[in-house]
Amino acid sequence: MKKFKSMVGLIVISLINIQVNAAVIEVNSTGGGLGTIELCSLRAAIRAAETDGPFSACSAGSGDDVIVLPENGNFVFNQVDNNSIGDNALPSIMTTITIEGNGSTITKSNSAPPMRFFSIGGNAPNQIGNLTINNLTIKGGDV
């Protein structure tokens with residue numbers, strides 16, 4: 001019985017560790033750019049999550065990250081962020097990220113070049129990402 005209690009304790013400690021290693025990054029700007037020293041944009045939040053370091057006004061990511069968008073925000077993208085696997089409006093997702101949309105919408109500007117919003121993973125076998133999107137409307141992107 002003592003060995004069983006030790007195993008249960010180890011499992012509980014492991015689950016607590018998983019939660020501690022996650023970061024919540026709050027987006028406070030609907031701008032499509034890289035943010036500023038006072039503004040955390042979605043693009044900057046993804047960079048912070050991917051690098052596990054602060055980026056613009058976004059807090060550092062850590063492990064599996066949750067990016068929280070402002071309630072009913074309207075994000076309009078008009079420029080390509082990268083073209084690692086075709087043109088992308090946002091940085092490529094190479095880690096585990098959850099985006100809590102809170103009823104927000106992301107849209108491609110009519111004047112923007114053809115581009116997708118999200119690229120998950122990369123060209124190399126070890127570049128594997130995982131993206132979960134909750135309560136977010138995506139309009140106007142290309143594949």
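The entries below go from the model as a whole to its side-chain pairs.

**Entry 1: ground rules**

I am working with a predicted model, so I kept local features to pLDDT of at least 70 and side-chain atom pairs to pLDDT 80 or more, while totals for chains, interfaces and linings use all residues. I number residues from 1 along each chain as its sequence is written, and my side-chain values use heavy atoms, with hydrogens and water left out.

**Entry 2: confidence**

I began with pLDDT, the predictor's confidence in each residue, from 0 to 100. The mean for the protein is 85, and 83% of its residues reach 70 or more. I then went through the elements, taking helices (H or I, at least four residues) and strands (E, at least two) as DSSP runs numbered from the N terminus.

**Entry 3: layout**

I find two helices and five strands. Along the sequence they follow the pattern α-β-α-β-β-β-β. I also looked at how far contacts reach: among those between residues at least 6 apart in sequence, 66% join residues at least 24 apart.

For burial I used relative accessible area: buried is under 20%, exposed over 50%, and partly exposed in between (1.4 Å probe, protein chains only). Of the 143 residues, 35% count as buried. The protein exposes about 8000 Å², and carbon and sulfur atoms supply 55% of that; the areas come from the Shrake-Rupley method with a 1.4 Å probe, and for residues only the protein chains shown count as cover.

**Entry 4: the disulfide**

How many disulfides does the rule give? I took a pair of cysteine sulfur atoms within 2.5 Å as the cut-off, and the count comes to one. Cys40 and Cys58 form it, with their sulfur atoms 1.9 Å apart. The pair links distant parts of the chain, 18 residues apart: Cys40 sits in the loop between β1 (23-26) and α2 (42-51), and Cys58 in the loop between α2 and β2. I noted the torsion about the S-S bond as about 100°, so the disulfide is right-handed. Cys40 is buried at 1% relative accessible area, and Cys58 is buried at 2%.

**Entry 5: aromatic rings**

Next I looked for paired rings of Phe, Tyr and Trp (its six-membered ring), with centres within 6.5 Å; planes under 30 degrees apart count as stacked, over 60 as edge-to-face and the rest as tilted. The structure holds one aromatic pair. Phe77 and Phe117 have ring centres 6.1 Å apart and planes at 65°, so I wrote the pair down as edge-to-face. Phe77 belongs to strand β3 (residues 74-77) and Phe117 to the loop between β4 (96-108) and β5 (130-139), 40 residues apart. Phe77 is buried at 1% relative accessible area, and Phe117 is buried at 4%.

While in that loop between β4 and β5, I stopped at Ser119. Ser119 is buried too, with a relative accessible area of 5%. Leaving out residues up to four places away in sequence, Ser119 touches Ile85, Asn88, Ser92 and Ile93.

**Entry 6: salt bridges**

My rule here was a side-chain nitrogen of Lys or Arg within 4 Å of a carboxyl oxygen of Asp or Glu. The count comes to three.

Which residues are linked in a network of salt bridges? They are Arg43, Arg47 and Asp81. Arg43 pairs with Asp81, the closest N and O atoms being 3.3 Å apart. Arg43 lies in helix α2 and Asp81 in the loop between β3 and β4, so this pair ties together parts 38 residues apart in sequence. Arg47 forms a salt bridge with Asp81 as well, at 2.7 Å between the closest N and O atoms. Arg47 is also in helix α2, 34 residues from Asp81. As for burial, Arg43 is buried at 3%, Asp81 counts as buried at 17%, and Arg47 is partly exposed at 26%.

The remaining entry is Lys108 with Asp142, where the closest N and O atoms are 2.6 Å apart. Lys108 is in strand β4 and Asp142 in the segment after β5, 34 residues apart. Lys108 counts as buried at 15% relative accessibility, whereas Asp142 is partly exposed at 28%.

Note on methods: Contact means heavy atoms within 4.5 Å.
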